[in-house]
Amino acid sequence: MRCDGAHRGAELSLALRDDSGAPVVGARVLLGASPEGISPRLAGGIVPAFPPPLEARSDPAGRAQLAGLETGKFPLVVWAEGFVPHVETLALDEGERRDLEVTLERGARIHGRVVTAEGAPLPIAQVAVHVGREPEDTQVELSPQGEFELTGLQPGEVDVDCGG
């Protein structure tokens, strides 16, 4: 998605704020596509995408920039720990300079503990969150006591599955 040569690539400048108006520092901004699209969950910072998306991080003022972008429609994902990911599709024109303000909403939090049938903590397990029929791409590390915490979830009803 980077551009070389004679044509002018598009530029994207983002201002990232939380719902109180404070800047969101260190948020990941991803612009790009994969055959299946970009997972809006981005658990653990892993994004399986081909080609890999362009990435920027927000600075202490909550600003992030991407330059030299190809024209076309691309998925944009903005993700920060503890916030619900912001996902939208951007259409960029050649030479366009786009300023975009994004407000990230604080996400829901789930804290739990994985134990055996006898009640002993299970230090290794896979925990999956399901919203509706779609599983979110989520992996968590368990503490030695089998405890986990998931943050930045979309508010609402979810199902949590785990296996060891």
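Reply: Strands here are DSSP runs of E with at least two residues, numbered from the N terminus, and two of them count as paired if DSSP finds at least two bridges between them. Keep in mind that this is a predicted model.

β5 covers residues 72–79 and β6 covers residues 86–92. They run antiparallel to each other, with 7 bridges pairing them.

Now the charged side chains. The structure has 7 salt bridges, and here are some of them. Arg57 pairs with Glu55 at 3.8 Å, N to O. With a cut-off of 4 Å for the nitrogen-to-oxygen distance, that pair counts as a salt bridge. Glu55 has 39% relative accessibility, so it's classed as partly exposed. Arg98 and Glu96 also meet through their side chains, at 2.8 Å, N to O.

Then there's Asp99, bridged to Arg97 with the closest N and O atoms 3.9 Å apart. Asp99 counts as exposed because its relative accessibility is 54%, while Arg97, at 47%, is partly exposed. That pair belongs to a network: salt bridges with shared partners link Glu11, Arg97 and Asp99 into one.

Notes:
Residues numbered from 1 in each chain as written. Predicted model: local features only at pLDDT ≥ 70, side-chain atom pairs only at ≥ 80, totals over all residues. Heavy atoms only, no water. Helix = DSSP H or I, 4+ residues; strand = E, 2+ residues; numbered from the N terminus. Buried < 20%, exposed > 50% of the residue type's maximum accessible area, 1.4 Å probe, protein only.
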